[in-house]
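Hi everyone, thanks for coming. Let's walk through a structure together, starting with a single residue and then moving on to some helices.

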Amino acid sequence: MAEIVNTREIVLNILLEVTRDDRPLSQVLSEWLLKYQYLDKADRSFISRLTRTVLENMMMIDTVLNHFSSVKVNKMKPVMRTILRMGAAQMLFMDGVPDHAVCNESVNLAVRKGFKGLKGFVNGVLRTIARNKDKVGELIPDQDKNPADYLSVRYSMPLWICRLWMSEFGFDTTKKMLMAMSKENATSIRVNTVKTTPENLKVSLTDAGITAEDGVYLPYMLKISGYDYLTALYSFKNGEFIVQDESSALAGACAGFKPGMKVLDICGAPGGKSMNAAMLMENQGHMICRDVSEGKIERIIENTQRTGLSIIEAEVWDAVEPDEQLFGTMDVVIADVPCSGLGVIGKKTDIKYRMTPEKAADLVTLQRKILDQAWLYVKPGGILMYSTCTVNPAENQQQVAYMTKNYPLTLQSLDDCLPESLKSETTKKGWIQLLPGVHSCDGFFAAKLRRME
């Protein structure tokens with residue numbers, strides 16, 4: 001029993017760092033799982049699952065807590081609020097632990113954290129929820145009367161994001177996106193075709209007890225599941241693949257990389273797009289991969305050394321600062337700019353709580369400062385490949401309109417490099433907006449622009 005309490009205390013600490021201290025979930029979860037890597041797989045899986053379940057459903061959970069608790073969620077101390085969220089998450093969204101055990105463990109955790117005087121409160125709130133689970137659906141706003149509020153509570157998505165997507169994509173598509181983001185998907189990997197083949201890697205992964213299936217859109221992509229520590233796999237340590245969503249790899253496929261090219265990746269960390277490009281170039285040519293800090297460059301170097309992609313040169317450079325020596329010299333410039341990340345909420349669920357309309361507007365300004373420099377590096381006739389992992393028109397279509405209006409750039413069709421299933425009127429024009437739930441990948445935007453002669 002002590003071990004069960006311990007795993008819940010680990011989850012509590014992780015959630016506090018994410019919600020109270022505003023740290024990225026991926027970073028915090030990684031640190032704690034590394035610290036407790038001696039725990040067995042079931043315990044580590046429980047830690048990950050409970051953490052993600054709370055964050056994925058937090059707005060629905062808070063709606064339930066506010067209804068059944070005499071103290072509103074925003075009036076609770078962070079530790080107490082998080083303990084109750086964890087308890088409610090297990091009761092409402094997870095199987096395997098009986099409700100009475102959830103109540104007992106939550107009370108024990110409150111006592112461990114110095115809230116002995118509130119053990120009755122914790123017990124009372126959670127037991128009330130347990131008795132009324134069949135009535136929880138009544139707390140969700142009416143879908144027909146208040147569609148945006150319904151989506152916001154039902155799928156725990158901030159109201160401003162629901163309204164933004166409904167205005168752009170409509171109710172039905174927005175609902176599909178939210179449903180897709182709430183599901184757990186297999187990990188998408190890009191086969192390092194400089195070192196191996198998709199067929200050989202599938203055999204290697206299968207022999208290691210991992211489920212490996214073909215990707216949906218590109219022949220060098222696989223989807224894997226059933227692994228424990230990804231970084232412990234021989235094929236990973238040997239650089240035979242990188243973790244990359246198929247949406248991101250599609251942007252590289254559209255750029256038209258060929259052996260011998262000169263390429264600049266201006267916001268490159270952790271190096272996925274540069275490595276994908278180097279593979280498409282068959283590790284022949286010259287790739288400069290830049291980012292703003294030493295820490296980010298260290299990650300790029302670590303990844304390129306592991307994969308053996310020797311044409312990649314990593315260096316610190318702030319993308320808003322001009323580098324006149326490189327003006328007009330690049331065959332392709334990759335501009336995968338900092339963005340709101342709304343397309344990858346399914347994998348980074350904490351983004352939806354950390355992003356705001358004001359922050360998104362600030363990112364639009366930053367993107368334009370980067371683009372003011374990025375196009376200058378493209379040689380006449382060369383390509384600027386613009387991409388984001390968001391589904392916000394202000395960061396996507398509106399930025400493309402800004403570029404074609406203010407720079408000597410013209411959109412180029414993507415149809416010669418996309419599978420039939422992705423071709424559309426917009427891809428013929430030169431851009432694609434991928435949507436989770438509509439397409440079999442993350443939300444992602446890519447546009448191909450040629451610098452005029």
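Strands here are DSSP runs of E with at least two residues, helices are runs of H or I with at least four, and both are numbered from the N terminus. A word on the model: it is predicted, so local features need pLDDT of at least 70 and side-chain atom pairs count only at pLDDT 80 or more, while totals for chains, interfaces and linings use all residues. Residues are numbered from 1 along each chain as its sequence is written, and side-chain values use heavy atoms, with hydrogens and water left out.

So, is threonine 388 buried or exposed? Its relative accessible area is 0%, so threonine 388 is buried (buried means under 20%, exposed over 50%, partly exposed in between, with a 1.4 Å probe and protein chains only). Beyond its neighbours within four places in sequence, threonine 388 is in contact with residues including Asp336, Cys339 and Phe444; contact means heavy atoms within 4.5 Å.

Now to helix H10, residues 171–181, where Thr174, Met177, Leu178, Ala180 and Met181 are buried. These residues cover an arc of only 160 degrees around the axis, which puts them on the same side of H10; the arc is taken from the directions from the helix axis to the C-beta atoms. What do they pack against? The buried residues of H10 pack against helix H8 (147–154) and helix H9 (159–169).

Last stop: Phe46, Arg49, Leu50, Thr53 and Val54 in H3 meet Arg85, Met86, Ala89, Gln90 and Phe93 in H5.
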